[in-house]
Amino acid sequence: MSFVRRELPTAILALCGILLILEFFIPSPILQAIKSELTTWSVIIAATSCWLGFIYMAYAQLRMLGRNPTTSQYFWFSLPFIFFLLFFIVGVSFPGDVSSPQYRWLITYIYQQVGATVYAVMFFTLSSAAYRTFKVASIEAIALLLGGTIYMLRQIPLFVYICPWLLPLGEWILLVPNAAGGRGAVICAALGALAVGLRTLAGREVTLVEVR
Amino acid sequence: MNFWDALGAFVGSFFIISVLSMLWKDNPVFKFGQQAIIGATIAQYVLFNMKNLLNMAIIPISQGKWTYIIPVFLGLLMYTRLSPSYSWLSRYPVSVLVGVGVGVMVPGLLRGQVIGQVQKTIVDITSATTTYDLINAIIILIGVVTAITFFLFTKEHTGVLGVSARIGRIFLMFSLGANWAGEEVWYLTQMIGRLRFIVEKLIKGVILGAA
Amino acid sequence: MSSTIWDKLGNIDYRILYALSLILMLIPIIRPIGLPTPVSETVRGFYETIDNLPPGSVVFVSLEGSLSLLDEQEAQYIATLKILFQRDLKVVFYSVTEDGELIYNYLFSVVNPEKYGKKYGIDYVRLGYAPLEERGQAAVALDVRSVYPRDFYGTPLDEIPMMKDIHNWKDVDLLIYYYTSCTNVEFAIRQWVIPYHTKCIVGTLGCCGPMAVPYFPDYIQGILSGSGAGAELEVISGNPGPGAMMNDAKNFGILGLLLFLILGNVSYLGKRFGGESE
Amino acid sequence: MALIKPGTGWDLVLLLIMVAASYYYIRKATRGEKLPDLRRIPAVDAIYEGVGRSIELNKPVHFAMGASGGQLYTTLVSMTLAGLAFLRYVAKLCARLGARLIVHMPYQAESIPLIEGVVREAYREEGKLEEFRREDLRYHGYGSLTWSQAIAASFAREGVGLNLEVGIFYSDCPISLEMAKIQGGMNIGGTGRWIMVYAFAMMCDYCFLGEEIYAGAAKVSDNPLMVSGIIVEEVGKFFTLILIAICLILAALGVNIETLLSF
């Protein structure tokens with residue numbers, strides 16, 4: 001039983017991974033076909049499992065209601081389901097489905113406004129974080145402060161008007177020190193990810209092996 | 001302005017304010033918007049995936065591409081997680097997915113993020129035509145090398161390595177600062193866009209326009 | 001334990017910062033101020049490239065846009081469209097994202113070509129949407145009809161008067177390339193500029209601009225990045241639009257944060273060097 | 001026909017070096033031989049402290065891998081796995097010490113079986129399976145916007161002692177981290193996407209800078225096999241440094257590096 005439960009899935013994982021890596025190096029139409037088949041499979045598997053999220057959300061909502069079954073809780077409990085049904089029914093019942101004007105209306109005025117506002121909220125959260133951390137406390141902190149404020153002011157027209165040198169200086173910060181630090185970090189992160197990948201292929205990644 | 005646009009201006013403004021009110025404190029308006037949008041986005045996610053499933057699996061299967069029954073079956077195995085005694089079956093689809101993930105990740109990392117970055121760093125120096133370019137390229141090289149030394153884990157950061165790691169850290173901080181600034185101004189634009197929506201569509205368009 | 005003034009300066013309630021920024025941003029939206037907008041080299045290049053085209057030139061506009069990112073590029077699009085329609089040019093619009101067509105719908109409702117005396121099929125054509133990645137751009141350059149056999153409204157291209165003489169890169173005098181994914185600027189450079197030496201100007205998000213700068217002016221003759229560049233284009237072309245207000249609001253909106261950054265540092269330095277004086 | 005695709009030669013060299021190093025060190029680890037010591041990563045030690053703090057304050061521990069942190073079949077899968085390693089660790093700590101754990105799951109539904117499996121297994125290993133609560137695995141819908149809101153709401157309504165966020169982050173961490181901070185929580189976290197690391201550096205009490213999440217994941221797993229992975233990384237880093245040095249020397253001698261590195 002252990003073989004079917006543990007070794008076989010690990011072997012399948014390694015096989016898929018190694019075939020795709022080989023495809024990168026070896027010019028072979030067969031490997032290419034396997035790659036495109038496997039990537040399609042992945043999308044199909046993921047798409048099939050899409051209801052799981054709904055199930056977990058519904059379960060958590062139900063348990064919360066069960067602990068505190070008051071009238072106001074019933075309202076909050078049903079709200080996600082009402083909006084789920086609203087979007088779902090509008091999304092399938094008009095010609096053009098999700099491209100129908102009715103569904104687009106929902107997307108434009110609800111989804112998009114909320115999305116853009118969440119982005120906008122980040123302006124505030126990043127501001128308060130900067131207020132807390134941008135202090136001239138050490139060389140590192142000064143580097144953070146300088147990199148941040150100069151490149152920020154470079155993007156604000158008024159300050160560029162007052163100090164035209166902000167433009168080349170801001171660009172320089174982005175293209176030289178930022179590129180240097182970022183590149184070093186990217187190289188190291190890639191090597192870290194590579195090590196994880198190889199360990200996974202070898203069937204040694206603890207979180208994957210232990211899950212029953 | 002027709003009815004639906006006007007209604008849209010109200011609904012949109014309500015949701016904008018609902019999200020913004022989170023900065024003040026948790027309140028019923030925020031809770032309403034937040035709970036509603038969970039339902040809405042799950043519907044969108046499900047619709048999007050069902051459409052994918054239809055186009056990529058169901059239609060091809062009905063046209064005789066029988067192999068696609070396997071991934072659909074594997075996808076269904078994901079739901080065995082809900083039952084403790086059969087949950088091990090969900091390891092199969094997960095294995096295929098992670099295997100494909102590692103398979104596409106490893107080649108991408110090698111070329112784009114390691115060898116390619118090394119190549120860029122060196123070519124910047126060899127292809128520099130002016131002294132200014134050359135100095136910049138050398139600064140980048142120093143930054144890259146010292147940043148890599150900062151990430152060494154098997155050696156304690158003392159002595160020469162300590163100095164190098166410190167310099168690397170300063171470069172990294174510059175980079176973090178610049179990343180922050182890029183995002184900050186970009187979110188500022190988004191905020192202004194939302195305020196414009198409320199002012200132009202709701203206040204000027206509907207409320208003042210109707211009056 | 002009494003807290004010093006320095007402590008207080010370092011621990012102001014964040015909500016005051018939030019409210020202050022919000023109010024500052026609202027002022028110019030309600031009442032535009034018109035602060036000065038300096039025009040940068042890359043935007044000047046963008047404008048002059050269009051301005052220097054001989055009458056009757058063919059311009060391709062490739063749009064990779066997303067509705068949720070419209071705030072950042074709206075001013076660019078509107079200003080560019082106005083410039084294009086004010087001149088005697090033949091313009092071909094196509095989009096590589098689904099949202100692109102919705103953006104075009106919106107833009108043509110704001111900048112109505114008829115107002116500029118432009119006729120569909122003679123002065124401008126919309127080809128519609130196709131999911132073009134890099135290979136798609138290459139295909140358009142080689143043969144427009146291989147990707148877009150019909151226009152947005154379903155008319156075969158050969159039945160459209162303007163398109164009769166437009167087949168491939170040889171007939172294109174300028175490519176205006178809008179993109180939102182920072183590295184996609186290379187698609188245009190690799191598929192249009194390097195093989196065919198097509199003139200190319202680009203428009204993108206603020207955060208992507210610096211990555212395009214190294215290609216200026218050798219490969220691309222102009223860059224618009226962010227809503228600020230849209231405002232600059234409005235200034236240089238003399239067409240007022242939404243960019244100026246966005247700029248004012250940006251100038252004001254950042255002031256609250258700057259004030260708080262200064263307060264934070266004053267508090268820090270005060271605590272460090274003058275901590276005892278209450 | 002060429003044996004390998006042109007332009008992939010150096011990639012193959014690097015890959016083979018990493019594979020050889022993996023083989024060598026994994027073997028060494030399975031035999032129980034001593035591996036080199038690793039320098040401390042303060043953020044790892046802080047997780048324990050954070051769980052303790054949550055118990056003291058009687059507030060839950062929150063864990064998140066990012067709104068889209070459940071990517072299994074994309075190029076970011078390594079970060080998902082690193083996030084899961086941290087989840088396993090913090091779930092074990094919570095089970096052992098008796099803290100309530102709330103997991104904010106990413107929107108990719110295909111990752112849910114893995115997440116539940118990791119948490120359930122951690123509780124089982126600690127002998128506290130009956131304390132595992134499925135309703136504390138929260139699913140917040142599609143995209144970072146609803147996720148950010150929901151996590152902020154959860155902080156406000158249920159409180160936050162420790163907020164641990166490791167995984168794949170786009171524009172979702174600036175809100176969740178700052179909200180945890182405002183609610184008085186302790187933040188620990190990091191991501192491998194460099195472009196978003198700034199948010200962690202600014203908002204976390206302890207942060208993992210970029211690839212430190214992989215090293216951290218190996219450390220918290222408390223498993224010599226995982227630790228051997230970090231040593232493999234180090235081999236890669238030394239290879240990169242040596243490659244840069246050799247390229248510089250060759251460039252000084254007039255060799256065209258661009259062609260050399262694209263064989």
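**Where the chains meet, and the spaces in the model**

Colleague: How many residue pairs are in polar contact across the interface of chain B and chain A?

Modeller: This is a predicted model, so local features need pLDDT of at least 70, side-chain atom pairs count only at pLDDT 80 or more, and totals for chains, interfaces and linings use all residues. Residues are numbered from 1 along each chain as its sequence is written, chains are lettered from A and ligands numbered from 1 in the order in which they are written, and side-chain values use heavy atoms, with hydrogens and water left out. A polar contact is a pair of N or O atoms within 3.5 Å; within protein, one must be able to donate a hydrogen and the other to accept it, and residues adjacent in sequence count only if both atoms are side-chain atoms. With both residues at pLDDT 80 or more, the number of pairs that the rule finds between chain B and chain A is 16.

Colleague: Which helix gives the most to the side of chain B that touches chain A?

Modeller: Helices (H or I, at least four residues) and strands (E, at least two) are DSSP runs, numbered from the N terminus. H1 (3–20), H2 (28–62), H3 (69–77), H4, H5 (131–150) and H6 (159–210) of chain B each bring at least two residues to this side. With 25 residues, the top contributor is H4(B).

Colleague: How many residues on that side of chain B are nonpolar?

Modeller: Ala, Val, Leu, Ile, Met, Phe, Trp, Tyr, Cys and Pro count as nonpolar, Asp, Glu, Lys and Arg as charged, and the others, Gly among them, as polar. Set aside 25 polar and 14 charged residues, and the nonpolar count is 71.

Colleague: How much area is buried between chain B and chain A?

Modeller: Contact, meaning heavy atoms within 4.5 Å, takes in 110 residues of chain B and 107 residues of chain A. Buried area is the accessible area (1.4 Å probe) that two parts lose on being put together, summed over both. Carbon and sulfur atoms give 79% of the total, which is about 10100 Å².

Colleague: And which residues of chain B lose the most area to chain A?

Modeller: Three residues stand out, together making up 8% of what the chain B side buries. They are Arg91(B), Phe174(B) and Trp180(B).

Colleague: How many salt bridges are there between chain B and chain A?

Modeller: A salt bridge is a side-chain nitrogen of Lys or Arg within 4 Å of a carboxyl oxygen of Asp or Glu. Arg183(A) and Asp124(B) make one, at 3.7 Å from N to O. Over all chains the search finds 39, while between chain B and chain A the count is four.

Colleague: Why does the salt bridge of Lys5(D) and Glu23(A) join two chains?

Modeller: The closest N and O atoms of Lys5(D) and Glu23(A) are 3.5 Å apart. Lys5(D) sits in the segment before helix H1 (9–30) of chain D and Glu23(A) in helix H1 of chain A, so the chains joined are D and A.

Colleague: What is the volume of the largest cavity?

Modeller: On a 1 Å grid over the protein atoms alone, a cavity is a set of points where a 1.4 Å probe fits but cannot get out, and a pocket is an open set with protein on both sides within 12 Å along at least five of seven lines; lining residues have an atom within 4 Å of a point. Grid points are joined across faces, edges and corners, and a volume is the space filled by probe spheres set on the points. There are three cavities of 30 Å³ or more, and the largest holds about 160 Å³.

Colleague: Which residues lie nearest the centre of the largest cavity?

Modeller: Its lining has eight nonpolar, five polar and four charged residues. Of the 17 lining residues, those nearest the centre are Leu208(A), Val209(A), Arg91(B), Val94(B) and Ser95(B).

Colleague: Which element gives the largest share of the lining of the second largest cavity?

Modeller: This cavity has a volume of about 60 Å³, and its lining has 10 nonpolar residues, one polar and no charged. The largest share, four residues, comes from H4(C).
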